[in-house]
Amino acid sequence: MSAPATLPWFAAHEFRLAWRDWLAMTTGGRKVRSVVLVVVLGLFYLGLHLLAYALLAPWVSQGIAPDKATLVMVTGTGFLFWTVMLSQALESVTRAYYSRSDLDLILSSPASSASVFAVRTAATAFATVLLACLLASPIINVLIAYEGPKWLSAYGVLAGFGALAAAISVLVTVGLFRTIGPARTRLIAQIIAGIVGAGFVIGIQAVAILSFGNMNRFSVLQSPEFIAGTPDLANPLWLPARAAMGDLAATLLVLVIGLGALSLVIRATSAGFAQHAIAAAGVSATRVQQSASTRPFRKASQRHALRVKEWKLLLRDPWLLSQTLMQILYLFPPALFLWVSYGQSAGTYVVVIPVIVMAAGQLAGGLAWLAISGEDAHDLVVTAPIHPRAVLIAKIEAVLCSIAVVFAPILLFVAIASFELAWITAVFLAISAGSATAIQLWFRVPMRRAMFRRRQVASRTATISEALSSIMWAGAAVLVAGNQLLAILPAGLAVIVLIVAWALSPKGKRV
Amino acid sequence: MPSPDYALAISGLRKSFDRPVVIDLELTVKAGEFYALLGPNGAGKTTILRMVAGLLKPDAGAISVYGIDTARDPIAAKSIVAWVSDEPMVYDRLTPLEYLEFVAGLWRIDAREAERHSNELIDWLGLRPHANERCGGFSKGMLQKVALAGALVHNPRLIILDEPLTGLDAGSARQVKDVLKQKVAAGVTVIMTTHILEVAERMAERIGVINHGRFVAEGTLAELRARIGRETTLEEIFLDLVAQKEADLAAVA
C-alpha cells in the first residue's frame, strides 16, 4: 500500500476508478456474470482476428519484403491509426480539465495538483495505447503468426506513439487555454479531435477520388506514382515502419522519443494544471448573453413549440454539434465523389448511396436520443396538457426535419445526375433515419442531455440494433440502385433487426 | 363524482415500488387553501405529489383536481395544474423569456397574453436583468425562480411544489414565499412539501404529516397541537408524531 497523496497512491486511485468505469460501460450498469462477459468479449476478439486474417492473407502469403511499397503502406496505415489515437487522447486530456467529478475535492485538499495531473495524463496515454493495442492486435497477431515474433515490436511502436499523442494533446490543450481561454477550449479541442480523427481518412479518400476516381483510401498508398514520389529507403520517415517490422534499434528510438516527450510535457505543464482546472470550473458559472429579443412571442401550436425548442437547444450546444460533426465530416468524400463524377454514368453514384444512407441512420439515432431521451425538463413536458403521443410526434418531426436539412443538398447533387438514384437514396435515407429514430423511441429512458456520450451504455441492444439497421438499409439501397433482386435480403434482415429490437425493448418501463 | 369545491380529492391511493410507498391515502384540499405536506425522508410525499401531477401512475385509487378525474381526462387536469420540483426543470441554453414562451406554447396560452404575463413574472421575481441571459450559468435560486415563473405563466388553479425552497438564499426564499402568498390570496390552491417547518407553520392553513405512506395526523396547527396536548412549535409536533408512529410500528413488529 503506497503512502497517501503520492504519485503511486493517485495512480492506484485512478486505476480503480477507470476499472469500475470500464466495467460499468461494458455491462451497462447491470450485474452480468463475469464469465459471460469474458466469453462474449473473447468471441468478439476472435472474430476480429478472423477478419484481420481475411484482409491480410493475400498480402502476407506472398511474404512481406521491407521494400518501399511495404514501407509506404505500413507508414500510411500507421499514420491513419495514430490520428485516431491523437483524436482520442485530445478528448481525454480535455476531459481531465473539465470533468468536475472529483477535482473540487482534490484541488481543495493539501495534495499536490501536479501529481494528480501527472497521473491523469499518464492514464490518458495508457488508455490510448491500450485501446490502440486492442484494435491493432488482431492485425499484429496475424502478422506475428505468419512472419514471426519480430512483429511484436509493433506493440512498442504503438506505446511510443500513444505517449507522443498524449504529449501533443496536452500541449494543444494548454496552448488553447492560454490563447483562447477556458470558455472555448473544450469546444475547439473537441472540434480539433474530430477533424484530426477523420481528417486523414477523409483527406486520403479525397485524393483517391480526385486521382483515381474511387473511394478506396488505399488506392493512393498503392499507386506506383505515389510510391515513386516518396523519399528513399534511408529516409528517417520510414523509421516507425521499420520499427514496427522488427528493427529493435528503431523501436527503442520510437519509445524513447514518445515517452521522453510525454515526461517533458508533464514536467513542463503540470504546475499550471490547478490553475487551468480552476479556470475551467469557472466556465460553468459564466452566463451567456443572448441578443436581447425584441420580437413578440409567436403564436405556436404545442408541437411547434416543442420542435422549435429542440432546434434551439441543438443549435446552441456547440459541444453536441461537434459530437455530430464527425458523422457529417464522413459525408465529405461521397459528396466530393458526386461532384467529381457529375456528368458521368449513373453507375458511379451507386458507391455513395450506402454511405449516405448509413450516415443518415447514425445521425438520426444521435439526434433522436437527444430529442426523445435527453430531455432536461422531462417533468415539465410530462405535466403539460399535451398528449404524450403528440410530444413524441413533435420530437420525431424535429429530428427528421434536421436530417432533411443536412441531407437535402447531397440529394440535390444526386438528383442533378440521376433522378431515379436520388429517389432511391431519399427513400432509403428516410427509412434508415426512421428506423434509428424508432429504435431510440422504443428504448427511451429519461436522461440529461449532458449524458449524450454515455447514451450507448444505456442500452447495448439499441446501439447494436441502430448500427445494424443502418448497415442493412444501406446494403438494400445499393442493391436496389443496381436493380438487384437480392436487395430483399438486407431489407428483410433490417426488418428482422427492427422486430427483434422492438421485442427486446422495455415496453412496460417507458416514460 | 368528486365535488369541484375541492381543489384536490384523493381516495384510496396506493403506490408500490419495491415496497409499498403510499398506502390507501385519503386527502382533500379545499380550493384556495395553502396545504403543507410534511414527513421524514422516504415517507412518500414526493410520490403522492408526482401522482397528482401525472408524473407517476397510481397502482390504485382516484385523484381528482377541481372535479376532473386525472385518470379519465389527464389533459384537462394538467391544464390547470402546475408542478414545481426541488430540481428546477429549466433548459440551460434557453433564456428565461424563451423558456416562458416555450411553456406558454405547451399550455396553449395566447401569445400576446403569455408575453405580457411573462414580463410581469420576470419583473415580479427580479429576473429582469437576466431575462436575455441563458439559464446555464444561473444560481440555484435563479433557476428556481425561472421554474416558478414557468409554473405561473399559465395561471394554474392548483400549484404543487416539492421542496421549492431547498438551497435557496434568504432573499430568493422570501420572494418565492411572497409569490405563493399572493397566489393563495388570489384564490389559487397551493400544496407544498417542505422540510423547513417554520415555513409550513407560518404559511399553511392545514398541515398533513405522513410517514410510511400513511397519514399520521392532519389538520390546522391548532388541531395538531391539541392532538399532542401541548402548546409547542410545529417542529416539536412533527418530531413527536413521527416518533409515535415509529414506536407503533416497532411494537407491531
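Here is a short chat about how some labels in this predicted model come about.

User: What should I know before I start?
Analyst: This is a predicted model, where local features need pLDDT of at least 70, side-chain atom pairs count only at pLDDT 80 or more, and totals for chains, interfaces and linings use all residues. Residues are numbered from 1 along each chain as its sequence is written, while chains are lettered from A and ligands numbered from 1 in the order in which they are written.

User: How many helices and strands are there in chain A?
Analyst: Chain A has 22 helices and zero strands. Helices here are DSSP runs of H or I with at least four residues, strands are runs of E with at least two, and both are numbered from the N terminus.

User: Why is Arg449(A) called buried?
Analyst: A residue is buried if 20 or more other C-beta atoms, placed from the backbone, lie within 10 Å of its own, exposed if 12 or fewer, and partly exposed in between. Arg449(A) has 21 such atoms, so it's buried. Its place is in the loop between α19 and α20 (455-458) of chain A. Buried residues make up 39% of the 511 residues in chain A.

User: And what makes Cys133(A) partly exposed?
Analyst: Cys133(A) has 15 other C-beta atoms within 10 Å, so it lands in the in-between class. You'll find Cys133(A) in helix α5 of chain A.

User: What does Cys133(A) touch?
Analyst: Not counting residues up to four places away in sequence, Cys133(A) touches Tyr155(A) and Leu158(A). Contact means that the C-beta atoms of two residues, placed from the backbone, lie within 7 Å. By that rule, Arg449(A) is in contact with Leu370(A), Gly374(A) and Asp376(A), leaving aside its neighbours within four places in sequence.

User: How do you know that α5(A) bends at Ser137(A)?
Analyst: The bend at a residue is the angle between axes fitted to the seven residues ending there and the seven starting there. For helix α5 (residues 113-147) of chain A, that comes to about 50° at Ser137(A), and a proline, Pro138(A), follows within four residues. Just after α5(A), Gly148(A) takes a positive phi of about 105°.

User: Why are α16(A) and α19(A) called roughly parallel?
Analyst: Axes are lines fitted to C-alpha atoms, for helices over the stretch in contact, and angles run from 0 to 180 degrees between N-to-C directions. Under 35 degrees counts as roughly parallel, over 145 as roughly antiparallel, 65 to 115 as roughly perpendicular and the rest as oblique. The axes of α16 (residues 352-373) and α19 (residues 419-442) of chain A come within 7 Å and cross at roughly 30°. That makes α16(A) roughly parallel to α19(A). Their contact has 15 nonpolar, eight polar and no charged residues. Nonpolar means Ala, Val, Leu, Ile, Met, Phe, Trp, Tyr, Cys and Pro; charged means Asp, Glu, Lys and Arg; the others, Gly among them, are polar.

User: What makes α13(A) roughly antiparallel to α3(B)?
Analyst: The axes of α13(A) and helix α3 (residues 96-106) of chain B come within 7 Å and cross at roughly 150°. That is over 145, so α13(A) is roughly antiparallel to α3(B). Gln302(A), Ala305(A) and Lys309(A) of α13(A) meet Phe102(B), Gly105(B) and Leu106(B) of α3(B).

User: How many residues does each chain give to the contact between chains A and B?
Analyst: Chain A gives 31 residues and chain B gives 34. The largest share of chain A's side, five residues, comes from α13(A). That side divides into 14 nonpolar, eight polar and nine charged residues.
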